Amino acid sequence: MKSRTLLALTASAMALPGLTSQARADAAPTESIISYRVSSYQEDDLPLVHRLAGSRERYDIDVHQLRLLLPVGESYSLTLNSSYESMSGASPWYAIRRIDGSAGIVMSGATISEQRRDLNISGRKYLENGTLGANLAVSHENDYDSMSGGFDAERHFNDNLTTLAAGLSYSSDEIDPSDAELFNRVTDESKHSESVFMSVSQILNQTSVIQTGLNITHLSGYLSDPYKLNDRRPDSRTQTAWTTSWRKYLAGADAALHADYRYFHDSFGINSHTIDLNWYQNIGASLQVIPGLRYYTQTEADFFTPTLNFAVTLPLQATDYRLSNYGAVSGSLKLQWQVQDFTLSLSAERYHANSDYAINHGAISDGTQSPALVSFNRYSFGLDFQF
Amino acid sequence: MKFSVMNKLITLAVAIILAGSLSACTPVAAWERGTLARPEMALDADPLETTLNNHIYFSKEASSGGNSASGGGCGCN
């Protein structure tokens, strides 16, 4: 699989404690839960008008996920998370300016087919006034391996109305791009990340809870994308994310509102805002309908260039659309149906990215938007069983 | 979408969230927390879906972090 500038904060490295807990005294689980999800992720083809060469077919990914939560004794739990992804499709290789001034995309020539497997094992100890957790994770692809681990702790205060949480994690990734000799790519590169997270959760009243947290991550090593032409990025990156989540139950509607906001800033010069709203509507005792809306906007990286200029060699440059100035809107709908100890779920999402959706869409580099911005559909089916 | 419109939408959403935090922290006894324990009130109501969503967004956007697992690997293409 092709690498990208965002070094994987792997599953374990990012199994941050904040969103896994409530601001109340935790008790060890007394029942086991096994969950399975199968999902289909389908990107739209690159519009013909933007393609200069290569396949228009972008990525399709089938994902199988399995999760097992097991109580261990009276004060411990063990969680196993595993996933298998099967991917195929082509992706943008580079962009160049055409005679009419617009950007044209050269796609990777052949459809790539590959797989990713990962496993995450975490344990938690439940104390009188908090919890302690640890986890390890591995991820494997034919050209990319990642290992990570982390610790976290939670402490309840204020009659269990307030919870403070903190965590540390580390990941080490190895990259060995395929067809390195043929395309003059790097070989055997590595990258590392260290991450720290702190959060506070507060029960506001009988029907609402809020959490806010700060996550700082430092990445170092090979952060460029070896599969993109002349992609040269800094060898270190510091990311800061501030998140706030609010949950509110509305008794009159028998529904819960989930509102999440994230502000992100990094040393590449990227700033972003993410807003995620979901409405959990109960219908009767066993059915739940969950519509959702998400908005995302980011500024471009300092070294982003919409098209390559082969006459000039810049120390840092990238035409990756994910580093451009753009926004994205997605809508989702999920149905959940509980039957005794089983829960069935069906969900669908439509995601569309466009430079016009960006807050500061007038500040697009070179006046040219990246035509490779992605749109996709995702469908999932899930089954949970509690025993 | 115009800058001013999106900016107002973001401001509105942040205001909604902050309004929740400012709506007074009232003492809630342990036996009054039944609603908070409902599954739909969890901060992460569906860990598997959260993991997948974060992995997709991590792979397609320049931002990550701040919430639960983003998934291992280098990200989708």
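In this predicted model, A:R58 forms a salt bridge with A:E43, and their closest N and O atoms are 3.7 Å apart. A salt bridge here is a side-chain nitrogen of Lys or Arg within 4 Å of a carboxyl oxygen of Asp or Glu. A:R58 lies in the loop between β2 and β3 of chain A and A:E43 in strand β1 of chain A, so the pair ties together parts that are 15 residues apart in sequence. Helices (H or I, at least four residues) and strands (E, at least two) are DSSP runs, numbered from the N terminus.

Residues are numbered from 1 along each chain as its sequence is written, and chains are lettered from A and ligands numbered from 1 in the order in which they are written. Local features need pLDDT of at least 70, side-chain atom pairs count only at pLDDT 80 or more, and totals for chains, interfaces and linings use all residues, while side-chain values use heavy atoms, with hydrogens and water left out.

## Salt bridges

The search of the whole structure finds 21 salt bridges over all chains. A:E43 also meets B:K60 in a salt bridge of 2.6 Å, N to O. Because A:E43 lies in strand β1 of chain A and B:K60 in helix α2 (residues 47-60) of chain B, this pair joins two chains.

A further salt bridge is formed by A:R233 and A:D320, with the closest N and O atoms 3.2 Å apart. The two residues link distant parts of the chain: A:R233 is in the loop between β12 (208-221) and β13 (236-250) of chain A, and A:D320 is in the loop between β16 and β17 of chain A, 87 residues apart.

The table lists the relative accessible area of residues in these pairs. Buried means under 20% relative accessible area, exposed over 50%, and partly exposed in between (1.4 Å probe, protein chains only).

| Residue | Relative accessible area | Class |
|---|---|---|
| A:R58 | 4% | buried |
| A:E43 | 5% | buried |
| B:K60 | 1% | buried |
| A:R233 | 6% | buried |
| A:D320 | 1% | buried |

Salt bridges also link A:R37, A:K334, A:D384, B:D46 and B:E49 in a network.

## Strand pairing in chain A

Two strands pair if DSSP finds at least two bridges between them. Strand β3 (residues 60-72) and strand β4 (residues 76-89) of chain A pair in the antiparallel sense over 13 bridges. Within this pairing, A:L70 stands opposite A:L78 in β4(A). The two strands β3(A) and β4(A) form a hairpin with three residues between them, and A:G73 in the turn has a positive phi of about 65°.

The bridge partner of A:S82 in β7(A) is A:L119.

Most residues other than glycine have a negative phi, and most peptide bonds are trans. A:N160 is not a glycine, yet it has a positive phi of about 65°. This residue, A:N160, lies in the loop between β9 (144-157) and β10 (162-175) of chain A and counts as buried at 18% relative accessibility. A:Q340, also a residue other than glycine, has a positive phi near 50°. A:Q340 is placed in the loop between β17 and β18 of chain A and counts as exposed at 70% relative accessibility.

## Surface patches

Patches are made of residues with over 30% relative accessible area and no salt bridge; like charges are joined within 9 Å, and nonpolar side chains (Val, Leu, Ile, Met, Phe, Trp, Tyr) within 5 Å. Accessible areas come from the Shrake-Rupley method with a 1.4 Å probe; for residues, only the protein chains shown count as cover.

A nonpolar surface patch of about 740 Å² includes A:I283, A:L287, A:W337 and A:F342 among its residues. Strands β17 (326-339), β18 (342-354) and β19 (375-386) of chain A each supply at least two residues of the patch, and β17(A) gives the most, with three residues. A:L287 is found in strand β16 (residues 287-298) of chain A and is partly exposed, with a relative accessible area of 31%.

A:D45, A:E57, A:D60 and A:D62 gather in a surface patch of negative charge. Asp and Glu count as negative and Lys and Arg as positive, whereas His and the chain ends are not counted. The place of a charge is taken as NZ of Lys, CZ of Arg, CG of Asp or CD of Glu. A:D45 lies in the loop between β1 (33-43) and β2 (51-53) of chain A and is partly exposed at 42% relative accessible area.

## Chain B

Chain B contains two helices and zero strands. Buried residues make up 55% of its 77 residues. Chain B exposes about 3,100 Å², of which carbon and sulfur atoms supply 69%.
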